[in-house]
Amino acid sequence: MKCIAVIPVYNHGHAIGAVVDALRAHALPVLLVDDGSEAGCAAVLDALAIRDGVTLLRHDHNQGKGVACVSGFRQAAALGYSHALQIDADGQHDTADVPRFLAAMNTRPDAVIAGCPIYDDSVPKGRLYGRYATHVWVWINTLSLRITDSMCGYRIYPLAPTLPVLDAMPQAKRMDFDPEVLVRLDWAGVPVVNLPTKVRYPADGVSHFDYWRDNVRISKMHTRLFFGMLWRAPRLLARHLGAQR
């Protein structure tokens with residue numbers, strides 16, 4: 001098994017260097033996906049890309065977090081990696097937990113290792129409470145509680161089963177990507193291992209979550225997944241009941 005960190009980057013020039021340093025300290029190779037960043041951030045990424053163990057993939061214009069992740073995963077597979085660790089570029093995820101994620105991957109190489117946030121006081125309360133609407137919809141759309149948190153972008157994907165799922169979900173291009181891909185992987189029978197991890201919101205952090213547009217996208221995604229769940233319901237229920245025996 002070979003794992004690489006895939007980091008979608010859009011104008012996070014002030015924070016990305018520290019994230020890369022922390023990942024390289026764990027001897028993890030890094031693939032930066034520049035999703036059309038402005039010149040200042042692009043220059044920072046160019047400087048990072050000449051370092052050992054760091055690769056840069058660049059979009060010529062901003063296409064969204066989901067597109068950046070998918071580009072990164074496909075590039076990771078082309079480079080010969082079996083797994084990809086997705087992590088945010090703004091420093092909110094605890095890189096000290098990388099060994100725990102890798103250990104879980106080694107124990108369950110067939111599974112998605114999904115981070116479940118443990119927040120400190122820095123989390124905006126609106127974002128914290130708003131997540132629960134998505135949690136409930138995900139539990140409905142999988143007919144289970146297998147996925148504890150579908151919105152945390154700190155996770156490891158096994159690329160072999162993930163890439164075919166990505167090929168079948170072209171619509172999730174932005175912040176709707178993280179929950180949709182996890183639901184669709186669950187539908188495909190890919191196990192999910194939920195791993196608690198600390199998450200903080202840096203005071204100088206740059207968030208690209210558009211409260212109105214992204215919530216509309218996420219609402220449309222839940223509706224789309226709900227109708228997809230309906231015809232899968234017999235198989236999902238059978239799977240759930242089989243796991244309880």
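Which residue forms a salt bridge with Asp34? The partner is Arg58, and the closest N and O atoms of the pair are 2.7 Å apart. A salt bridge here is a side-chain nitrogen of Lys or Arg within 4 Å of a carboxyl oxygen of Asp or Glu. By this rule the count comes to twelve salt bridges.

This is a predicted model, where local features need pLDDT of at least 70, side-chain atom pairs count only at pLDDT 80 or more, and totals for chains, interfaces and linings use all residues. Residues are numbered from 1 along each chain as its sequence is written, and side-chain values use heavy atoms, with hydrogens and water left out.

Return to Asp34. It forms its salt bridge with Arg58. The pair links distant parts of the chain, 24 residues apart: Asp34 sits in strand β2 (residues 30–35), Arg58 in strand β3 (residues 54–59). Helices (H or I, at least four residues) and strands (E, at least two) are DSSP runs, numbered from the N terminus. Asp34 is buried, at 2% relative accessible area. Arg58 is partly exposed, at 38%. Buried means under 20% relative accessible area, exposed over 50%, and partly exposed in between (1.4 Å probe, protein chains only). A network of salt bridges links Asp34, Asp46 and Arg58.

Next comes Asp88. Its salt-bridge partner is Lys65, with the closest N and O atoms 3.5 Å apart. Asp88 lies in the loop between β4 (83–86) and α4 (98–107), while Lys65 belongs to helix α3 (residues 65–78), so the pair ties together parts 23 residues apart in sequence. Both Asp88 and Lys65 are buried.

Asp97 pairs with Arg100 in another salt bridge, at 3.3 Å between the closest N and O atoms. Asp97 is buried, at 10% relative accessibility. Arg100 is partly exposed, at 36%.
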